[in-house]
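Please study the sequence and the model before reading on.

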Amino acid sequence: MADQRPQPVAKNIANYPGAARERLLHAASDLFCRCGINATGVDSIVEAAGTAKTTLYKAFGSKEGLIEAVLEHEGSVWREWFSNEVDAFEGEPRDKMLHIFDVLKKWFAEESFFGCPFINAVGEHDKDDDRLRNLTMKHKKIVLDKIHSVAREVRPDDAEELTHQIGLLIDGAIVAALVTRDPGVADHARNAVKSMIK
C-alpha cells in the first residue's frame, strides 16, 4: 500500500504517458485544484495537456463535463487512499477513530494539498447547481459510510450521530487547513474527538 496519495502531475504534462483523455483529466485536475475551476480556461487545460480543444470536447463534451469527470476521478482516488489508510491501522476502535485525523494531517502536509475539490467546486458554482451538489453528496456519503464503520465499534448505540459529528469536524479541518496552510489543525480536530469519545 502506498504511503501517500498520487501526487498531481507537473504544470505542463504534454509528455505525460497515456491517452489524450487521460492527459486532459490530469491537467484539468491539477489546474482546477491549484487555480480554481472558474479561473481555469479550456485553453490553459489543452495547452498543459498538449492536446487540441476538439479533443477535449470530443472526450468530455464540454468544460462542465470535464469538471464532473475530474471530480469523479479525484474523489475515487482520494477515497481509496483514505480508506486504505484508515483500514491499515491496527488498534482499538477508539484509537482508529482518532487515527482518521492523523491520516488527514498527512494529507494536509502534502505540497499538493489544495483543499477538497468537492467543497471548492460547490463554493465556486451557483448554489442552485444540483449537479455538482449531487456529485458532492455522493462522495460525502461514501466517506461517511467509512467513518460509520468505525463509529459503530466506538459508540454502537449512537453511531449515526457520532458519524455526522466526525464528518463536520473533518470538513471544518479541511477548510481550516486550506486557509491557514497549517496541517496542525488536524490535531485540534483530533483533540475535539478525543474529548467526545472518552
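E72 is partly exposed, at 35% relative accessibility; the term covers values between buried (under 20% relative accessible area) and exposed (over 50%), computed with a 1.4 Å probe on protein chains only. K138 is likewise partly exposed, with a relative accessible area of 46%. The side chains of these residues, E72 and K138, form a salt bridge with an N to O distance of 3.8 Å. A salt bridge here is a side-chain nitrogen of Lys or Arg within 4 Å of a carboxyl oxygen of Asp or Glu. E72 belongs to helix α4 (residues 63-87) and K138 to helix α7, so the pair links distant parts of the chain, 66 residues apart. Helices are DSSP runs (H or I, at least four residues), numbered from the N terminus.

The model is predicted: local features need pLDDT of at least 70 and side-chain atom pairs pLDDT 80 or more, while totals for chains, interfaces and linings use all residues. Residues are numbered from 1 along each chain as its sequence is written, and side-chain values use heavy atoms, leaving out hydrogens and water.

## Further salt bridges

The count of salt bridges comes to 13. One of them joins E85 and K106 at 3.0 Å, N to O. Because E85 lies in helix α4 and K106 in helix α5, this pair ties together parts that are 21 residues apart in sequence. E85 is buried, at 7% relative accessible area, whereas K106 is partly exposed, at 31%.

D95 forms a salt bridge with R94, with 3.6 Å between the closest N and O atoms. Salt bridges with shared partners also join E64, E68 and R131 into one network.

## Packing of two helices

The axes of helix α5 (residues 93-108) and helix α7 (residues 130-154) come within 8 Å and cross at roughly 145 degrees. Such axes are lines fitted to C-alpha atoms over the stretch in contact, and angles run from 0 to 180 degrees between N-to-C directions. Contact (heavy atoms within 4.5 Å) involves P93, R94, K96, M97 and I100 of α5 and I147, V150, A151, E153 and V154 of α7.

## Cysteines without a disulfide

The structure holds zero disulfides, a disulfide being a pair of cysteine sulfur atoms within 2.5 Å. C116 is buried, with a relative accessible area of 9%.
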